[in-house]
Amino acid sequence: FGVGSSFAFWLGGALKDWFVFGVGGFGVNMSGSDVKASGGGAFFQVETYPFYPLGGRLRDLAIYANFGAGGLTLDNPDPDGEDGEAGFVSVLGAGAAYELFRVGHFAFAPNVSYSHQWSQTGSAHFTQLGVRAVFYGGPG
């Protein structure tokens, strides 16, 4: 178990009002009593608003999945432990957000997500709680 910070940014386009596809990048820096993990990479994101056609407040619930690749470094502070480079890792994640506030073209939402990063030499699981800001632009 550890705590730390993470960020992600991505640029997407809505193929339908309720379906978005995008590309982006991420970074993570976590530490606990047993290990420190840091890394980053790139991903593709697929996002849907499954209740959008129903209207009302539930239309602002977003569910997404992302997949990509990056790098991960694992550092063990224990003198008998081994530091390691997970090196090039595969990334798979999922999450949900609920857009509570809108100000102009911006929407703000509490967000929860999970991601798993792994390679032949190491792996890590990350659960994030945070706030997400979205800019909605384009025609109309």
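Leaving aside neighbours within four places in sequence, which residues is Val28 in contact with? Keep that question in mind; the tour comes back to Val28. Note that the model is predicted.

**Stop 1: the whole chain**

Show the protein as a cartoon. It has 8 strands and 0 helices. Read along the sequence, the pattern is β-β-β-β-β-β-β-β. The C-alpha trace spans about 60 × 25 × 20 Å along its principal axes. Of the 140 residues, 29% are buried. Take contacts between residues at least 6 apart in sequence: 47% of them join residues at least 24 apart.

**Stop 2: the core and Val28**

Select Phe26, Val28, Met30, Ala37, Phe43, Leu72, Leu74, Val89, Val91, Ala124 and Phe126. These 11 residues make up the largest nonpolar core. Colour by strand next. At least two core residues come from each of β2 (19-32), β3 (36-48), β4 (61-75), β5 (84-98) and β8 (123-135). The largest share, 3 residues, is supplied by β2. In soluble globular proteins, nonpolar side chains tend to be buried together.

Now centre on Val28 for the answer to the opening question. Beyond its sequence neighbours within four places, Val28 contacts Ser5, Ser6, Ala37, Ser38, Gly39, Gln117 and Phe126. Ala37 and Phe126 also belong to the core.

**Stop 3: Gly13**

Go to strand β1 (residues 2-16) and pick Gly13. Is Gly13 buried, exposed or partly exposed? Gly13 counts as partly exposed, because its relative accessibility is 31%, between the 20% and 50% cut-offs. Not counting residues up to four places away in sequence, Gly13 touches Phe19, Val20 and Phe21. Then draw a distance to Ser33. Gly13 and Ser33 are 20 residues apart in sequence, yet their C-alpha atoms are 41 Å apart in space.

**Stop 4: aromatic rings**

Show the aromatic side chains. The whole structure holds 7 aromatic pairs. One of them joins Phe7 and Phe9 in a stacked arrangement, 6.4 Å centre to centre with 10° between the planes. Both Phe7 and Phe9 are exposed. Next select Phe21, Phe44 and Phe67, which ring pairs link into a cluster.

**Stop 5: salt bridges**

Display charged side chains. How many salt bridges does the structure hold? There are 6. Side chains of opposite charge can pair when their charged atoms come close.

Select Asp60 and Arg57 to begin. Their side chains meet in a salt bridge, 3.8 Å from N to O. Asp60 is buried because its relative accessibility is 6%. Arg57, at 47%, counts as partly exposed.

Move to Glu99. Its side chain meets Arg102 in a salt bridge of 2.8 Å, N to O. Arg102 is partly exposed, at 45% relative accessibility. Glu99 also forms a salt bridge with Arg132, where the closest N and O atoms are 3.6 Å apart. Glu99 lies in the loop between β5 and β6 (101-103) and Arg132 in strand β8, so this pair ties together parts that are 33 residues apart in sequence. Glu99 and Arg132 are both buried; for Glu99 the relative accessible area is 1%.

Definitions and conventions: Residues numbered from 1 in each chain as written. Predicted model: local features only at pLDDT ≥ 70, side-chain atom pairs only at ≥ 80, totals over all residues. Heavy atoms only, no water. Phe/Tyr/Trp six-rings, centres within 6.5 Å; stacked < 30°, edge-to-face > 60°. Buried < 20%, exposed > 50% of the residue type's maximum accessible area, 1.4 Å probe, protein only. Helix = DSSP H or I, 4+ residues; strand = E, 2+ residues; numbered from the N terminus. Contact = heavy atoms within 4.5 Å. Core = buried A, V, L, I, M, F, W, Y, C linked by side-chain atoms within 4.5 Å. Salt bridge = Lys/Arg side-chain N within 4 Å of Asp/Glu carboxyl O.
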